[in-house]
Amino acid sequence: MSFFGIDCVRKKEKELERKLRANDREYNLSFKYATNAIKTSKYNLFTFLPLNLFEQFQRIANAYFLFLLVLQVIPQISSLSWFTTVVPLVLVLSVTAAKDATDDIVSTFVHLFPVLRLRSEKWMDVQVGDIIKLENNQFVTADLLLLSSSEPLNLVYIETAELDGTASNLLCHLSLLLGEVRCEPPNNRLDRFTGTLTYAGQKYPLDNEKILLRGCTLRNTEWCFGLVLFGGPETKLMQNCGKSTFKRTSIDRLMNVLVLCIFGFLAIMCTILAIGNYLWELNDGSEFTVFLPRQDGNDAAFSAFLTFWSYVIILNTVVPISLYVSVEFIRLGNSFYIDWDRKMYYSRNDTPAEARTTTLNEELGQIKYVFSDKTGTLTQNIMIFNKCSINGKSYGDVFDYTGQRLEISEHTETVDFSFNSLADPSFMFHDHALVEAVKLENPEVHAFFRLLALCHTVMAEEKKEGEIFYQAQSPDEGALVTAARNFGFVFRSRTPESVSIVEMGQQRSYELLALLDFNNVRKRMSVIVRSPEGKLSLYCKGADTIVYERLHQSCSKLMDVTTEHLNEFAGEGLRTLALAYKDLDEEYFNQWQQRHHEASTDLDDRESKLDQLYEEIEKDLLLLGATAIEDKLQDGVPQTIEQLSKADIKIWVLTGDKQETAENIGYSCNLLREEMNDIFIISGNSPEDVRQELRSEEVFQKQLQFRLNMRNKNARTSMKQDTVEDSVFLPEQTPGVSPKVITDEVANGEYGLVINGHSLAYALECSMELEFLKTACMCKAVICCRVTPLQKAQVVELVKKYKQAVTLAIGDGANDVSMIKAAHIGVGISGQEGMQAVLSSDYSFAQFRFLQRLLLVHGRWSYLRMCKFLRYFFYKNFTFTFVHFWYAFFCGFSAQTVYDEWFITLYNLVYTALPVLGMSLFDQDVNDVWSFQHPQLYVPGQLNLYFSKKAFFKCALHSSYSSLVLFFIPYAAICDTVRDDGKDVADYQSFALLTQTCLLFAVTIQLGLEMSYWTAVNTFFVLGSLAMYFAVTFTMYSNGMFLMLPSAFPFIGTARNSLNQPNIWLTILLTSILCVLPVVTYRFLLIQLCPTINDKVRQAKATPSPPPRRTRIRRTSSRRSGYAFSHAQGYGDLVTSGRFLRRPAVSRSSGFSHVGRTTTGFSPMGRSAGYSPTGRPQNAKVPDVEVTSLQMYRTIRDPAL
């Protein structure tokens, strides 16, 4: 991939303009444009072996073993055969290569869809300039110029969820002609496109509205034709995707450092022993030349040189090759636990959790930063009409007969909409009072839903009688129109000049005179319509703060009541809108319409002139009420975020949604809380503004003076504890120098940070990135809005660059791929936005709530097991090896081994392999329930407390002590000792047997002390390994084996002659006690004087606590959403332009049963039953609310109804 990446960069530098001809492959191939083939794998058939070996030999230990192999070929140095190193090395490389190949094959699974270019081809064979046909619900897998479609006026509907994370339906307009295209070169800008189409000597402009981008999905359009502009890696989506990188855990990187330290220590030990051999040869060596003659020319110096390399081979067990084999098996086993976890299985979609890589499990136990997408990851992207306020009365809550509010659940009775055959059967509402008000023809309620049915940009599709499907630009719009539909005001069709609705069974057509579109500044939209009776009305919906500024003063008391309702709605995390209207004078409107036409055709300053006209007519509005929509979160999201926060994991939400939407979700999912000291909004439009909002010296001085009585826009200085800054100057980044790790600053409370995409672009500049990072890291939660896929990756890279922390990115769409690839751990949600994120991820599952189990249970256990394994493995091998070092001083530094050769061979392979694997696969400090009850158990992993350089050197010190005991106690016990029958037992073979038996007992007892969770498997492995040792020892030291191969089994009779002596077993007991006594003492004192969180939890009562009640998290807040819509500016122009015309609708009936003032069979419930705990009828109007013209409208009965 790196080679392909280089090619793309070079080509991008050369290509200044793209030229292509439609359906002319010969011409287009001359430019050597990229094909549409996408390669996401790391290897292919030819590069697998060299690249994989290169990756594996990045492990210094593997290179070390290769070096040992070379040494063992030299007979003057090696006392061991060459195959003793070759076989394990080849085994390790082969197992790892097979695992890497399997992972890569899984990650490169792709879907191929058929396309048409006069013949059937696959997507990977499509070339730039080809004309292809797409059909409904197919993915767009190349950047296309739209040519024609099945829809009127050649429009298409596309879903952009893979691009911006929102399942919105957009309209793309046709480019009618064919010819030669000149356009911009490949780039990563999703929001812009410039080019020209030349046909018959005429040039036609091309813009983003005429482009279908890779990653979109064709919706509600039978077919369309498109011209391929960019293919494969040159598409805008792939330009936003990061490259595949080799991900390695922090433990792997630490191991490389430790192996270097071990090499240095090994060199020191070998040097000491070589010097000892040199001195011994000078002083005592001549006495042995009688029976050990030296070869010609071999003096003491040369002997010392050979001794050095001999001890390099003998002491190589300080870095045993079996370590890496064991690590791979442990990672594989822990990956299977994730795949097999039924509690992470999502039965609704039949989706289990999947560990798509087996090399990063322990990294899951060290996550400090989680970067999450919003739509489809935290939310279901499903909007539900939850509550509303109409003319000062709140609807949506359910009360019992005592007047107490009931919690709405799945078992709560829903409103019966059977009177309306056009109702959406999936819509649910629980307050019967609202449908009763509709049936009783309450004029305020009717006007409320009439506004929802008219003021929108939704498209209706009705292919069968009564089956209406809405295509909305945002889910909010669809929820509001669907609510109006169910309550009797059914939007059915529209043209550029009219909107047809069914009002309580009567078909009515309103003339659409003007649509005042939404934009980010207005935060509202309005329509001006003429009713069938000729009445002119303006209907407006938008952010309550914006609408309130434009209300008539007669609505002041109604505003107060509605504001209380809005506060209640916002306190529950609902997305709110205010609704208002006004009647227009015919003469005034005609004048305004003329000025509107002039402004809309003006080429100079058109937008500002239109805004002035909109401001002029949207005045003196009369308040109708407010809506409250729930952006339905996935199950368990608030609880998951709360648990992760308790585990000191910082969560950053990176979303393409607008600020208000993201903020509301932040409150709903418990990411932002009202208990926070402040929420900082960074929305500057220039570098200076952004820097000022992040931190400035002038504002800092003001903050010192007014900190207690003013809210300052400056973020970072507001969070500082001290009144003067300590180390306020940020380090300058010097080119070519590795970045300095930035430590966290402590804030004086809990804060949140919200930053917009345009401000983030400035904050990520080199001159300001450290400022932004320091400010963001002081906050408990960070939300980045309106960010591009590339910006998501840049934020992740920024944290990785300057923070010594492990990052995790989680998302579900193609717009999250770059972020997933950039993070240390990538998690894909297999949701409704395709498989791009899953295919690029390291782990995948179906619901965000499974993340807490992945991290707090599987991740923590994997990290704990791996750390215990490494500590114990180094301990047992260092102890094993250091005994050789002490023995060298008693064997003339002759490179003789202290153990039997068979024991050396089987020590790591048989005697100690299974017990440590059992611990590494089954050990638990606490079970999964306690892991959730005490999320603070996760913190030690973030701080690398279980295995670090300090822990490694403590392990080496412990091994040094144990090796001294294991050598000198048996040496002293056996020296000048005889058997109970008077025979000599002080020989080399007896000493070797005693030493290795003491060693095996000591390391086994140490393993028992390390294990926190004993299972039948662990017990069998431990006891079975000891039994295996004695069985193998007695077999190999038997007469029969010696008679078969005398040279291979020289320890004849040693086992039965030594192990039947009481003093031998007493020595084994003594050495075992002396080895473990300091460990037991140290741990006892540590638990008593300075207990860790693990010690406290394990000492807690073992009685299981009752399962936590799942309560709905509510936030008591006075904050309301600024605007609930996920709108995009300019959609209203398409609605009124005439370009969207749909096919003629089928003949319709009203679909309503007769409804009058008295409805048979209807029994009022809830508040509508007339009961009130205060004694006041619930249906009575709110007192002191001035009567508006809408309330007087009741006396004028609509003849159509």
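A residue counts as buried when its relative accessible area is under 20%, and at 0% Asp-923 is therefore buried. With that cut-off in hand, here are some close-up views of this predicted model.

**View 1. Asp-923 pairs with Lys-868 in a salt bridge.** The closest N and O atoms of Asp-923 and Lys-868 are 2.7 Å apart. Asp-923 sits in the loop between helix H30 (913–922) and helix H31 (928–933), while Lys-868 belongs to helix H28 (residues 850–888), so this pair ties together parts that are 55 residues apart in sequence. Lys-868, at 6% relative accessibility, counts as buried, and Asp-923 is buried too, at 0%.

**View 2. Arg-450 meets Glu-503 in a salt bridge.** Here the closest N and O atoms are 3.0 Å apart. Arg-450 comes from helix H12 (residues 443–454) and Glu-503 from strand S23 (residues 498–503), so parts that are 53 residues apart in sequence are tied together by the pair.

**View 3. Glu-533 and Arg-508 form a salt bridge.** A distance of 2.9 Å separates the closest N and O atoms of Glu-533 and Arg-508. The pair links distant parts of the chain, 25 residues apart: Glu-533 is in the loop between strand S25 (524–530) and strand S26 (536–542), and Arg-508 is in strand S24 (residues 506–516). Glu-533 is partly exposed, with a relative accessible area of 43%, whereas Arg-508 counts as buried at 4%.

**View 4. Salt bridges link five residues into a network: Glu-17, Arg-21, Asp-24, Glu-180 and Arg-182.** Side chains of opposite charge can pair when their charged atoms come close.

**View 5. Helix H29 (residues 901–911) packs with helix H35 (residues 1016–1036).** Their axes are 11 Å apart and the angle is about 155°, so H29 and H35 are roughly antiparallel. The crossing of H29 with H35 is right-handed. On the H29 side, Trp-902, Phe-903, Leu-906, Val-910 and Tyr-911 take part, and they meet Ser-1025, Met-1028, Tyr-1029, Val-1032, Thr-1033 and Met-1036 of H35. By class, the residues of this contact are 9 nonpolar, 2 polar and no charged.

**View 6. H29 also packs with helix H34 (residues 988–1010).** The angle is about 15° and the axes are 12 Å apart, so H29 and H34 run roughly parallel to each other. H29 and H34 make a right-handed crossing. Phe-903, Tyr-907 and Tyr-911 of H29 form the contact with Gln-996, Leu-999, Leu-1000 and Val-1003 of H34. This contact of H29 with H34 has 6 nonpolar residues, 1 polar and no charged.

**View 7. Asp-350 has a positive phi, near 55°, without being a glycine.** Most residues other than glycine have a negative phi. You will find Asp-350 in the loop between helix H10 (322–340) and strand S14 (354–355). Asp-350 is exposed, at 54% relative accessibility.

**View 8. Asp-620 is a residue other than glycine with a positive phi of about 55°.** Asp-620 lies in the loop between helix H17 (606–617) and strand S28 (622–633). With a relative accessible area of 48%, Asp-620 is partly exposed.

Notes. Residues numbered from 1 in each chain as written. Predicted model: local features only at pLDDT ≥ 70, side-chain atom pairs only at ≥ 80, totals over all residues. Heavy atoms only, no water. Helix = DSSP H or I, 4+ residues; strand = E, 2+ residues; numbered from the N terminus. Buried < 20%, exposed > 50% of the residue type's maximum accessible area, 1.4 Å probe, protein only. Axes fitted to C-alpha atoms, helices over the stretch in contact; angles between N-to-C directions. Parallel < 35°, antiparallel > 145°, perpendicular 65-115°, else oblique. Left-handed = near helix turned anticlockwise from the far one by under 90°. Contact = heavy atoms within 4.5 Å. Nonpolar A, V, L, I, M, F, W, Y, C, P; charged D, E, K, R; others polar. Salt bridge = Lys/Arg side-chain N within 4 Å of Asp/Glu carboxyl O.
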